[in-house]
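Hello,

Here is the structure I said I would pass on. My notes on its cavities and salt bridges follow below.

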Amino acid sequence: MPQAETVAIPKRLPLVVSPENRDNSVNKDARLVNAYQEKDAQTGETWIFKRPGLLQTGATKAGTGLGVYNWNGNIYSIFGTTLYKDGTSIGTVGGTGGVYQFSSSLGSTPRLQLMNGSFAYNWDNTTLAAIAGANFPGNTYVDAAVKGIVYLAGSTFVLDTKAYIHGSDTPAGLNRPDLWTDVLNILGAQIEPDKGVFLAKQLVYVLAMKQWSTEVFYNAANPPGALVLSPVEGAKINYGCVSADSVQDAGGKLLWLAVTREAGVQVVLMEALKTSVVSTKPLERILSSVSLTSIASFAVRLEGHQFYVLSLVTANLTFAYDTVEKEWSQWTDSSGNYFPIVSATFSPTYGRILQHTSNGKLYLLDSAYTNDDGAVITTDIYAPNFDGGTRRRKQLNAMEFIGDQTVGSTLQVRVNDSDYDNTKWSGFRDVDMSVKRPRLTNCGTFVRRAIHIRHSKNTRMRIQAVDLQIDLGTL
């Protein structure tokens, strides 16, 4: 075979990978699993990093994980029907209704609020007091409350399924989220006649997220006899909310699973009340074909990256969106199942704290942890099909891997010349990433080839590209 001209056959195979599933399965086409991307601002080159690992913190508790939150420097967590403060039980809460949302108030007696649409409570650092099954007594208009509790300018607000916003008592009741006796402290989100799903806040605005739309309210300081909020004229958003459990504030950006009457399910991002779609077509193919009845999500910031992590629990899938790099990847646990985290918070003392959905544990998340509490993290890079710009047969004499030299780090590499047919992958070959120029030789011939790179070692991993030494055939 004659040697290929450098300008005719690209020598370097970049590993910049976004999910490219052609249908509703993740088992075909290019993708990243348990990894994320980072673009070098100076060189413009993109590196792929192994995702951060987990390390248990505190003792294992009994029960399902239902929320974790940092309030005044203390870590509050709910497992089963027990509320814990720094690992010590401080009261009993309702165990149905799913993951709790948290808020807090100021005033002479600061309070922590926790609610999940079925139950609501106030904690004043001494007593845990229930708010009548989340139906907020005294408000005769109240239907069942939905998830989401918002504090703004001394008042606390909730939303019901009929899309009415209810406020704690004012003005005498400022910073009194335990008082809900004013039956006039109510306002409907009624631009559209859809039901309430979640109550959120962005900047100084309260967002009533409904089935098909979202309405925006501000603190109008209305006099007694009316809710202090008023609608922001012309600020209706044509995206509803599919699942309250999908809503997360990620560094001031609000993300959620959204839907309109005209379109399918998408992931949208709101920043400064401006909304954009961040889900890709491949991801939306999956969203349109799976059950969305069981959703989990959390947001976490790490080393300049802000992740929104969305789990489609019934489909056993988790996707992580980096709002900085604007890229998606798939995350799994050590067994290849969905990433089983339902809530997260941050502590300057401990770092990022994540709550497992079922094993009673809290974890610290950090890149310094190269495994998940002792379990190996398997990172997979499925590169896009490569043909070098021609369907002529090519001989691949060598593959050189451009990445960090790390003692103990090994890549496993295999190839597929049959359009990702799962029965046609070659066997894995090992590449020692501790040597100066890690490479494979005698890599066969191909017309079009997909490369799968796997890392399953208890080390960090960062890789940029693969150099391909190719000779071009005549046919």
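Pro19, Glu20, Asn21, Val26, Lys28, Ala30, Arg31, Leu32, Ile286, Phe319 and Gln330 line the largest cavity. This is a predicted model, in which local features need pLDDT of at least 70, side-chain atom pairs count only at pLDDT 80 or more, and totals for chains, interfaces and linings use all residues. Residues are numbered from 1 along each chain as its sequence is written, and side-chain values use heavy atoms, with hydrogens and water left out.

Cavities

A cavity is a set of points, on a 1 Å grid over the protein atoms alone, where a 1.4 Å probe fits but cannot get out; lining residues have an atom within 4 Å of a point. Grid points are joined across faces, edges and corners, and a volume is the space filled by probe spheres set on the points. There are 4 cavities of 30 Å³ or more in the structure.

The largest cavity holds about 60 Å³ of space. Its lining has 6 nonpolar, 2 polar and 3 charged residues (nonpolar: Ala, Val, Leu, Ile, Met, Phe, Trp, Tyr, Cys and Pro; charged: Asp, Glu, Lys and Arg; polar: the others, Gly among them).

The second largest cavity has a volume of about 60 Å³. Leu32, Phe307 and Trp328 are among the residues that line it. Strand E3 (35-39), strand E29 (317-322) and strand E30 (327-330) each give at least two residues to this lining (strands are DSSP runs of at least two residues, numbered from the N terminus). By class, the lining of the second largest cavity has 6 nonpolar, 2 polar and 2 charged residues.

Salt bridges

The count is 19 salt bridges (a side-chain nitrogen of Lys or Arg within 4 Å of a carboxyl oxygen of Asp or Glu).

One of them joins Asp467 and Arg12, at 2.7 Å from N to O. Asp467 is in strand E43 (residues 462-472) and Arg12 in strand E1 (residues 12-14), 455 residues apart.

Another pairs Asp380 with Arg454, also at 2.7 Å, N to O. Asp380 is buried at 7% relative accessibility, whereas Arg454 is partly exposed at 23% (buried is under 20% relative accessible area, exposed over 50%, partly exposed in between; 1.4 Å probe, protein chains only).

Regards

Methods
1 Å grid on protein atoms, 1.4 Å probe; cavity = no way out; pocket = protein on both sides within 12 Å on 5 of 7 lines; lining within 4 Å. Helix = DSSP H or I, 4+ residues; strand = E, 2+ residues; numbered from the N terminus.
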